[in-house]
Amino acid sequence: MTSVARSALMGGVAFTVVLVASPAAIAQDVPGGTAGGQQSADAASARTISGADIIVTAQRREERAQDVPVVVTAFSPERLERLDVNEPQDLYGSVPSLTAGNQGQASRDVQAYAIRGQSTGFLASPGVQSYLGEVPLPATVSLSLQGGPGLFVDMESVQVLSGPQGTLFGRNTTGGAVLFQPRKPTDRFEGYIEGGIGNYDLRSIEGAINVPLVEDKLMVRVVGAYQDRRGYTKDLVWDKWRDDTHWYSGRIGITFKPTERIDNYLLIYGTKSSNNGAGYIHNYFNIPGLIGQGFCTEGPPSPGVLSCDVYRRQTEIAKEIGPRRNRQDVDGFSKIDNWGIINNTGIELNDELTLRNIISFQKIKTNYAGDSDATPLQQYQLTQNADLPDFPIEGLAEFGIPNTPGNVYLNGKPNFNLPRDDVKQFTEELQLQGTMLDDHLTFAVGAFYFNATPAGPWGSRAAQFCPAALTGNPTVNPLNGALTCEPSDGRSGVSNQSKALFAQATLDLGTLSPSLEDLRVTGGYRYTWDRIRGFSSSWAANADGGATCSFGTTAGTVVPPGSDPAVVCNFGATLKSKAPTWTIGVDYKPMRDVLVYAKVSRGYKSGGFNTFAVRAETTTFAPEKLTTYEAGFKSDWRIGAVPFRFNATYYYSKYNNIQRPGADGNLRPGLPPAFGAAIFAAEATIQGLEIEASIRPTEAIEIGGTLSHADGDYKKFQVRAIGVSTCPNGDFAFNPAVFVDVSCAPFQFLTPWIYNIYGSINLPVPESMGKLSLFASYSSVSDQYTAPFAFEPEATVKGYGLLNASLNWNGVAGSNFDLTLFANNLTNKLYRVGNTNSFSNNVVSSLYGEPRMYGLKLKYRFGG
């Protein structure tokens, strides 16, 4: 931890000590004297920080966020609207230690969370789990995707929990959890409808209607939303806008209360998304690497090997057309189909005990294609059933590429119709919650079952790693009979089953002695049994109609013509693991609105199946484990008549068996060498500081912000020497038989500094005209390293800051209309949010964030 962070932490602790020791100077209750003084005190007491009493469920029961000894950032519906949050990446900068983005993956729809450096790794389970209605959202395997778009519509709250979870929440995670709590039906007729328009042809509509069918017994809430927006990256080859949005979603919530002690909530949801895929921007090719692989030459061209000038020309064109234009041979797309049914039943057994059962069934299907090198060359891309050009492309045709009649690409196969992921998920949770000893003891005990399996076959098809001369033109390799630049195919499936027993209790020691009132101890324990089972087959076609297996224990096997390569090339593995996780904590309220706490937590994240293995021992990878030590405080004060909030937390984590992907090679005696990928295990420590503060100097003005600092250091990190740069000097190493040290690498997906400053002002208008407020926020993130290894060119996503603002007019002229004007990225900042991390694949490209977006929303409220 840097001296700056230590100083900030000590300053925060000292500040709290002063507050506790000096209640006369800074009080929690404003004393009154005369009648006028009492009125002033009453007015001051009425002034509060926005969202001061927001209710969270971080401990599986409803509590004020300030009363929970857990780092939780909660967003009310009003705050989400002010921030114009439509997707996870919109939260980046507003939550301490949280980053969100696509992490260099093939689809921009991926909005993976990372908290305190824990994220979803390659082929791995989520490090930060998203929940809808207390149930984990289904996750895909080929992408770090959980659920679909539209999650932020009509939410009661969105809560971000930092640190290991598992003794109370459904799945074990090392990084945290994001809880989406939908608005439940209420016992009154009400609803709203909202339409929005904006630049880039933004069109949106959403609405909800709440209907009480039987008073106090049966209530229904129906929600729907639609959004369509043109992209902001123009593909000049296909004359299409990439990075667009087009989705719709719906939810039905039904609350049934047959008796005073039984409550049943049924949630049915669905979302569908279809867009033109991600618009990567080409940066440059790794010319020395291409030369080393025989893809191009600096000398005289030869059959099948062109001058490297063809690659340089693509880079030149990319620079000429700029960062909002690209040229890709793949007509990319991204499709998501996600739906689910969740049922939550609560039965009050008596005044102290409640039995709850939460059961769900969900499905998610994805398919996507894209061009990550962002050029008409076929270097790094996923094809699936996407169209390829059947026309000449400027910048290639002059080099005679593709070398086919009419420069038509001949290696597209539009008859391919398998999805990339197709998962069905079933969960069941039974828990008993209770309070005893005059509410001095609260506890929860239960069991959790999770089973995610393939709902159908998964498939992949990619025409990539093609020498420029063979672009779009499959050609027989005379050395092995394989068809170079023919699309390679794959089939796979992964099942994930988890069972767990858990218990957690909090005891207020005031039950033992009145002098110990508000001193609480918490203990939680969970034991988890995981089983992961996977299979995979992948192959490249041969000229004789057969194929050659690409990965796994069957790598290099020749499939005779007429045989099914999906069968011959198949390999599989099963991983069983089990582990305890736990938490021990203590918290104390020395004053009514001051909470001091400390805890130790053990986190665990399951292992996985490696579809790109080339060794039997790397077909699975082991679970991660994390132990976090944490101390902090939450406090609300009044400086005279001014409410002030200050929260701070320091954490230190020991992180073991970190799942980090990398290239692998197997030089097998008597067989051709096989090259693929492995998940390597690393060890590290991570420590950080998280601060939240806000003040309301007048009834009309509020100012606040958040700050986080994190520092991660690998203690041990070794990988196979497959073209990696080693520590400490970046020396190049290529010897698959040995391991090399890469522990000097910056910690992946860890943003050292994140801060947000916001301000809101209620503008003076006559009461009959409604309420008018202006909100502005500035979020800044520092550089983030995105590659797993050290010395990866362009792997650092440079830091940036974004200025957003909104003007909200509620109850326009005393009507039921609300009007919102919003503008995001006001300064039109050009900033990277991801990259391909594929210098070893001889190309570097970037994904940029949204340009300036602005528009207006008009909402009509009825009923209530």
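The questions and answers below concern a predicted model.

User: Which strands stand at the edges of the open sheet of five strands?

Analyst: The five strands are arranged in the order S3-S8-S9-S6-S7, and their pairing is mixed. An edge strand has a single partner, so one of its sides is left without a neighbour in the sheet, and this applies to S3 (72-75) and S7 (135-136).

User: Which residue of S8 is the bridge partner of Phe 75?

Analyst: S3 is joined to S8, residues 155-162, by four bridges, and the two strands run antiparallel. Within S8, the residue that partners Phe 75 is Val 158.

User: Which residue of S22 is the bridge partner of Ile 347?

Analyst: On one side, Ile 347 of S21 is the bridge partner of Ile 262, where S16 and S21 run antiparallel and are joined by 14 bridges. S21 also pairs with S22 in the antiparallel sense, over 16 bridges, and these two strands form a hairpin with four residues between them. In S22, the partner of Ile 347 is Leu 355.

User: Is Ser 773 buried or exposed?

Analyst: Ser 773 belongs to strand S43, which covers residues 771-781. Its relative accessible area is 7%, and the cut-off for burial is under 20%, so Ser 773 counts as buried.

User: With which side chain does the side chain of Ser 773 make a polar contact?

Analyst: Leaving aside neighbours within four places in sequence, the residues in contact with Ser 773 include Ile 761, Leu 807 and Arg 82. The polar contact between side chains, at 3.4 Å, is with Arg 82.

How values were computed. Residues numbered from 1 in each chain as written. Predicted model: local features only at pLDDT ≥ 70, side-chain atom pairs only at ≥ 80, totals over all residues. Heavy atoms only, no water. Pairing = 2+ DSSP bridges. Buried < 20%, exposed > 50% of the residue type's maximum accessible area, 1.4 Å probe, protein only. Polar contact = N/O pair within 3.5 Å; in protein donor to acceptor, adjacent residues only side chain to side chain. Contact = heavy atoms within 4.5 Å.
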